[in-house]
Amino acid sequence: MTNLIGAGIFGCGGISENHLSAINSITGVEPILLFDIKKERAEARAAQFGGTPAESFGQVLDDPRVKAVHILTPHALHAGQALMSLSRGKYVLCEKPMATTLADAKRLMRADPEARRLCVIFQNRYNKSTEMAKRIISEQTYGKIITIKAEMTWHRDAQYYSDDWHGTQALECGGVLINQAIHTIDLMLYLGGAPEAVKGAVTTDLLEGVIEVEENAHAVVKFKSGIVGLLYASNSFGISEKPTLRIVCETGTLVLNGSDLLLERGSECNILVRSEGTATLGKAVYGDSHIHQISEFYRCIRNEEPFKIGAREAYNALWAVLSIYESSRTGRWVRYESIDLSESTQM
Ligand SMILES: NC(=O)c1ccc[n+]([C@@H]2O[C@H](COP(=O)([O-])OP(=O)(O)OC[C@H]3O[C@@H](n4cnc5c(N)ncnc54)[C@H](O)[C@@H]3O)[C@@H](O)[C@H]2O)c1
């Protein structure tokens, strides 16, 4: 097939299973080179899904068959690997978070202001429940949003943090907010609207002295629309529950519960979307929607269309995460730092 799109993989750990199985389910896309600093991981994934283990990052970028790369490495590496890949003419699909500093986030936005080369994974935007909630909110079916609450309580114990990057400031660059709750924060801002300011605090409790990153976080978010939202996120719970987002509108409350969507009106509660709950790859809490976003990524490449979630779209959630860290350090509100892409590009 002449217009085959070859994929390169950086990072062959847990989430690479979701990406590689999606790649193999898309006609005309195939894995070419897989790189991991632990070569046995690249070998294992190549044996499972196809492609060849690469010797280096550079080998993947040098190969003209590789049109698109998937960045599935520890957080601190994302922005640098994405910028390098973009500069070599590759399409980039980067796992969240796209960067770990706002300066790097802006570099990515400047490198691809129209979202034609870089796409950032926030797969939960592709859940049927999210799509329906977005439509209901845009059409104001139950009136305007009055307030919004996001809660994510998961279980991450010392075992989870025992590898060489989770729990470290150098590579994970944060804990429950930047790794787990960033999905719920992204949905909160995607559905709730543009943020204006945030104030919050983070703590390390059960795993104090074991990990360098936060386990618990709370924040108050002021939106430009004037509403106020609440966020609570924890990795200290005994189990990992479905994250919930309560969006209180004038005449009804939408409740996103994992991939389900409920509508509460007075004493009535109706299920608008019931997920099939069939997540079979990775952890069930990742949901089922990687396949939808990855399929769209390749469809956009083929059709030369912009991606739905480029760096600009991924910015607000990262801004909120990094601003809660700042607020926790200073005890102050952090105002939204709007995106001025006119400054000169410094890569
Ligand atoms: N969207 C989601 O729901 C979701 C779920 C899980 C993980 N993730 C994200 O995916 C990324 C990877 O997470 P994971 O759970 O697969 O972690 P993991 O630890 O299982 O895998 C990361 C892999 O990267 C490799 N690596 C480290 N440095 C490297 C380098 N310089 N070059 C190439 N490979 C390198 C490691 O050896 C490891 O195999 C993270 O950004 C994480 O936040 C997203």
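Modeller: The domain bounds used here come from an automatic or database domain assignment. This is a predicted model, in which local features need pLDDT of at least 70 and side-chain atom pairs count only at pLDDT 80 or more, while totals for chains, interfaces and linings use all residues. Residues are numbered from 1 along each chain as its sequence is written, and side-chain values use heavy atoms, with hydrogens and water left out.

The C-alpha centres of domain 1 and domain 2 lie 26 Å apart, and the contact (heavy atoms within 4.5 Å) takes 15 residues from domain 1 and 16 residues from domain 2. Between them the two domains bury about 1300 Å², 70% of it on carbon and sulfur atoms, where buried area is the accessible area (1.4 Å probe) that two parts lose on being put together, summed over both. On the side of domain 1, H75, L102 and F122 lose the most area to domain 2, together 37% of what that side buries.

One salt bridge is counted between the domains, the term meaning a side-chain nitrogen of Lys or Arg within 4 Å of a carboxyl oxygen of Asp or Glu. D164 forms a salt bridge with K38, with 3.0 Å between the closest N and O atoms. The residues of domain 1 that touch domain 2 divide into eight nonpolar, four polar and three charged, with Ala, Val, Leu, Ile, Met, Phe, Trp, Tyr, Cys and Pro counted as nonpolar, Asp, Glu, Lys and Arg as charged, and the others, Gly among them, as polar.
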